[in-house]
Amino acid sequence: MSMFRRAAGRAALAAALLGLAAGAVRAAPYVLDPARSAIRFEIGAEGYPLTRGQFRKFTSNLAVDFDHPARSKVSFKVEAASLDTGLPMLDSYVRSDAFLNTERFPAVSFESTSVEKLDDHRVQVTGTLTLLGVSRPEVFVVDVDQSTGKGALGLTARGHIHRSDFGMTAGLPLISDDVAITVAALADTQ
């Protein structure tokens, strides 16, 4: 009798593992369209209008499971030197060791740790942002638009970080500590 229970127990464990593996497979891979995707930022400074810019070069991995959003995953790797504010002198200054220090830290990365459904059109993505060699948890709210075309998704992620949390303190308090980040993207199934 105990041999039968052990065999049944092993069968149940195998079925559970197969179920987990099958569940993980259900997250469909998506690819961002680089021509219609952007990572933008805004930062204020006392006595100046908002400074806006974007990063021109990045890679991403995106897997979406609409039935089980918690199984979804997202990651980004951004080339820090691809920063573009439209002002070459400002770009050089922000790339310097006063801010992004792109020679020492060529990449900024984000890796999701959890995805939580907020409503039918929004999810909250929590993950680890690594900037200047410092990794911290950050949260982004993502608007998901499934009406963009056959299989395509429109995604708009918004969040705020405090640059001082990553050791970027140049210009404080005249230059704001708060940086607004927006990722606007069009993604399609692979």
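Biologist: Is Phe-99 buried or exposed, and what relative accessible area decides the matter?
Modeller: In this predicted model, Phe-99 has a relative accessible area of 8%. The cut-off for buried is under 20%, and Phe-99 is therefore classed as buried.

Biologist: What makes Tyr-93 neither buried nor exposed?
Modeller: Tyr-93 has a relative accessible area of 43%. Buried requires under 20% and exposed requires over 50%, so Tyr-93 is called partly exposed.

Biologist: How many aromatic pairs does a search of the whole structure find?
Modeller: The search returns four. One of them joins Tyr-93 and Phe-99, with ring centres 5.1 Å apart and planes at 80°. Centres within 6.5 Å make a pair, and planes over 60 degrees apart make it edge-to-face; the Tyr-93 and Phe-99 pair is therefore edge-to-face. The rings of Phe-110 and Phe-140 form another pair, with centres 5.4 Å apart and planes at 85°, so this pair is also edge-to-face.

Biologist: Which parts of the chain does the pair of Phe-110 and Phe-140 tie together?
Modeller: Phe-110 belongs to strand β7 (residues 107-119) and Phe-140 to strand β9 (residues 134-145). The pair therefore ties together parts that are 30 residues apart in sequence.

Biologist: Why do Phe-110 and Phe-140 count as buried?
Modeller: The relative accessibility is 10% for Phe-110 and 9% for Phe-140. Both values fall under 20%, so both residues count as buried.

Biologist: Which residues does Thr-126 touch, and where is Thr-126 found?
Modeller: Thr-126 is found in strand β8 (residues 122-131). Leaving aside residues up to four places away in sequence, Thr-126 touches Phe-110, Ser-112, Thr-113, Ser-114, Glu-138 and Val-139. Thr-126 and Pro-137 are 11 residues apart in sequence, with their C-alpha atoms 6.9 Å apart in space.

Biologist: How do you know whether Ser-112 is buried or exposed?
Modeller: Ser-112, in strand β7, has a relative accessible area of 5%. That value is under 20%, so Ser-112 is buried. Beyond residues up to four places away in sequence, Ser-112 touches Ser-72, Lys-73, Val-74, Val-125, Thr-126 and Gly-127.

Biologist: How many residues has the largest nonpolar core, and which have the most contacts inside it?
Modeller: The largest nonpolar core has 40 residues, and Leu-62 and Leu-131 have the most contacts inside it. Strand β11 (residues 175-189) supplies the largest share of this core, five residues. Not counting residues up to four places away in sequence, Leu-62 touches Ala-28, Pro-29, Tyr-30, Leu-32, Lys-73, Val-74, Leu-155 and Ala-187. In soluble globular proteins, nonpolar side chains tend to be buried together.

Biologist: What makes the backbone at Asn-101 and Leu-132 worth noting?
Modeller: Most residues other than glycine have a negative phi. Phi of Asn-101, however, is near 45°, a positive value, and Leu-132 has a positive phi of about 55°. Asn-101 lies in the loop between α2 (88-95) and β7, whereas Leu-132 lies in the loop between β8 and β9. With relative accessibility of 17% for Asn-101 and 13% for Leu-132, both are under 20% and so count as buried.

Biologist: What kind of peptide bond joins Leu-172 and Pro-173?
Modeller: Omega is about 0° there, and the bond is cis. Most peptide bonds are trans. Pro-173 is found in the loop between β10 (153-162) and β11.

Biologist: How many helices and strands has the protein chain, and what pattern do they follow along the sequence?
Modeller: The protein chain has two helices and 11 strands, in the pattern α-β-β-β-β-β-β-α-β-β-β-β-β. Of its 190 residues, 36% are buried. Among contacts with a separation of 6 or more, 52% involve residues 24 or more positions apart.

Notes. Residues numbered from 1 in each chain as written. Predicted model: local features only at pLDDT ≥ 70, side-chain atom pairs only at ≥ 80, totals over all residues. Heavy atoms only, no water. Core = buried A, V, L, I, M, F, W, Y, C linked by side-chain atoms within 4.5 Å. Buried < 20%, exposed > 50% of the residue type's maximum accessible area, 1.4 Å probe, protein only. Helix = DSSP H or I, 4+ residues; strand = E, 2+ residues; numbered from the N terminus. Contact = heavy atoms within 4.5 Å. Phe/Tyr/Trp six-rings, centres within 6.5 Å; stacked < 30°, edge-to-face > 60°.
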